[in-house]
Amino acid sequence: MSRPPDSGSSRQVSRRRVLQATGAAGLTGIAGCTGYVGSSRDGVEYWTLFGGGDGAVMEAMVDEINAGDEYDLQINRQRVPWDEHYGRLYTSMVGGNPPDVAVMHSRMMRDYEDSIVPVTDEIGLEPYLEEVAQGGVVDGEQLAVPLDTHPFGLYYNKEVFEEAGLDPEDPPNTADRFYECANAIVENTDYYAFDYFEGQFHAEVMRMLLHGRGGQILTEDYEPAFDTDDGHAVVQEMHDWVHEHEWAPVDPGTGWDAWNRGEVGMKIEGTWHISIVREAGFEFGLTEPFIMPEADSPVTVGDSHMLIIPQSDERDQARLEDAIETVRLLTQEFNARWGSEAGHLPASKEAIESDDLRESDTWDQTLETFYGMVENDQFIRPPATPNVEEYTEQIYQPLDDMRAGNMAPEAVIETATEGVRQTFNRR
């Protein structure tokens, strides 16, 4: 069972990195290798990065639109691999051959804001959950329309809980309960107590825990803000999960494989994980990931899949209108289905309140908990900043090194602080 394509374990290619690697003059040639040239095909060209369970759901939704006489649309869906999506998207936009609609995470908006068609008047924010919709707003303009939000939760294996002598209906959603469960699992079973991300989402776990203690990763001026008592406490806690308590394995791959065999008690994962844990076959629960000691205001963290319309001189008005209608259908009319079948928390207010969603197994198993955190102001988004991938890498690389046993917590803070500062000083 493979890691989901939206897991953040792959390093993405930012537009600045592409520019540095190729030079502006080389981008037009690269754009011709993206699989789509100008308006050579009929219909709306739509690029996604969804694979696995949510990829199959998106494919089915697009197929239904294409087959339905009431929609009068032809959507040409192209799935771009996760680790190639942003590189291909940027080069297509610079080369003058962009898709008509594309998926973009809200954290990426600042890097692409100058090359996106605003849809403030055509679609607007009103149909969507306010906190989620704001992820597509830059300087007062709606540049992207939310498809979903996908926060982190704490999945737990109820069968492992029972074997450890724990009540599987008493979720580990506080630091005290998390500690109690983790210790019981390692003492009473042969399983790991816990597992969590590597890579980009490793940094987001740090962000989540730090916000719960009132801290933050960046200031509004893009200065690193985690060389504080709270920042040190969070990084020390993450170190101790592996090297002090021995709740989690050193190797993330070992943890991933063990989880899918039913041999890990708890795991931080996102909304998308429901399809994977269902396939794993064990009885599971999902609760809030409020596991950091002395966190007075615990939160989850989650980005959003947004839909954008890249600017194009080759697109006529009729095709633009079809692109807008594609965005509207996927984020409104089909949004409840995106939640119940793909597992992501829908962005549409109507979808959230729909009987189809509320009566689904997915709502009972995961989405009700995720929605509760959003409703209770226990949800934050990674901020959309310039250099978003570069500065995040400066945080997760030392965190990954720490998990591997190659760096102490104090060195993580020092290395990440300097790396983040240099990243923004190069702007």
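Me: What makes the crossing of α10 and α18 right-handed?

Reply: A crossing is called right-handed if the near helix is turned clockwise from the far one by less than a right angle, and left-handed if it is turned anticlockwise. In this predicted model, where local features need pLDDT of at least 70, side-chain atom pairs count only at pLDDT 80 or more, and totals for chains, interfaces and linings use all residues, the crossing of α10 and α18 is right-handed. Residues are numbered from 1 along each chain as its sequence is written, and side-chain values use heavy atoms, with hydrogens and water left out.

Me: How are the packing angle and the axis distance of α10 and α18 described?

Reply: Two packed helices are described by the angle between their axes and the distance between the axes. The axes are lines fitted to C-alpha atoms, for helices over the stretch in contact, and the angles run from 0 to 180 degrees between N-to-C directions. On those terms α10 and α18 pack at about 35°, and their axes are 9 Å apart.

Me: Which residues of α10 and α18 meet, and how is that contact classed?

Reply: Contact means heavy atoms within 4.5 Å, and V235, M238, H239, V242 and H243 of α10 meet L399, M402 and R403 of α18. Ala, Val, Leu, Ile, Met, Phe, Trp, Tyr, Cys and Pro count as nonpolar, Asp, Glu, Lys and Arg as charged, and the others, Gly among them, as polar. By those classes the contact has five nonpolar, two polar and one charged residues.

Me: How do you know that the span of helix α10 is close to what is expected?

Reply: Helices (H or I, at least four residues) and strands (E, at least two) are DSSP runs numbered from the N terminus, and the expected span of a helix is 1.5 Å times one less than its number of residues. Helix α10, residues 229–243, has 15 residues and reaches 20 Å from its first C-alpha to its last, close to the expected 21 Å. Helix α13, residues 317–333, passes the same kind of check, since its 17 residues should span 24 Å and its end C-alpha atoms are 23 Å apart, which agrees.

Me: Which residues of α10 are called buried, and what covers them?

Reply: Buried means under 20% relative accessible area, exposed means over 50%, and partly exposed lies in between (1.4 Å probe, protein chains only). Among the residues of α10 that count as buried are G231, V234, V235 and W241, and their cover includes α8 (175–188), β8 (192–195), α9 (200–212), α18 (388–403) and α19 (409–425).

Me: Why do Y222 and E246 fall into their accessibility classes?

Reply: Y222, in the loop between α9 and α10, has 21% relative accessibility and therefore counts as partly exposed. E246, in the loop between α10 and α11 (252–260), has 57% and therefore counts as exposed. Neither residue is a glycine, yet Y222 has a positive phi of about 65° and E246 one of about 60°.

Me: What makes β2 and β6 edge strands of their sheet?

Reply: Two strands pair if DSSP finds at least two bridges between them, and five strands form an open sheet of mixed pairing in the order β2-β1-β3-β12-β6. Strands β2 (75–79) and β6 (145–146) each have a single partner strand, so one side of each is left without a neighbour in the sheet. Strand β1 (residues 44–48) pairs with β2 in the parallel sense over five bridges, and E45 stands opposite N76 in β2. Helix α3 (residues 52–67) packs on the sheet, touching β1 and β2, and its direction makes about 165° with that of β2.

Me: Why is β1 called largely enclosed?

Reply: Five of the five residues of β1 are buried, so the strand is largely enclosed by the rest of the structure. Both of its faces are covered, with V44, Y46 and T48 on one side and E45 and W47 on the other.

Me: How do you know that β11 pairs with β7 and with β14?

Reply: Two bridges join β11 (residues 300–303) to β7 (residues 148–157) in the antiparallel sense, and D303 is the bridge partner of H150. Two bridges also join β11 to β14 (residues 379–380), and these strands run parallel, with I380 as the bridge partner of V301.
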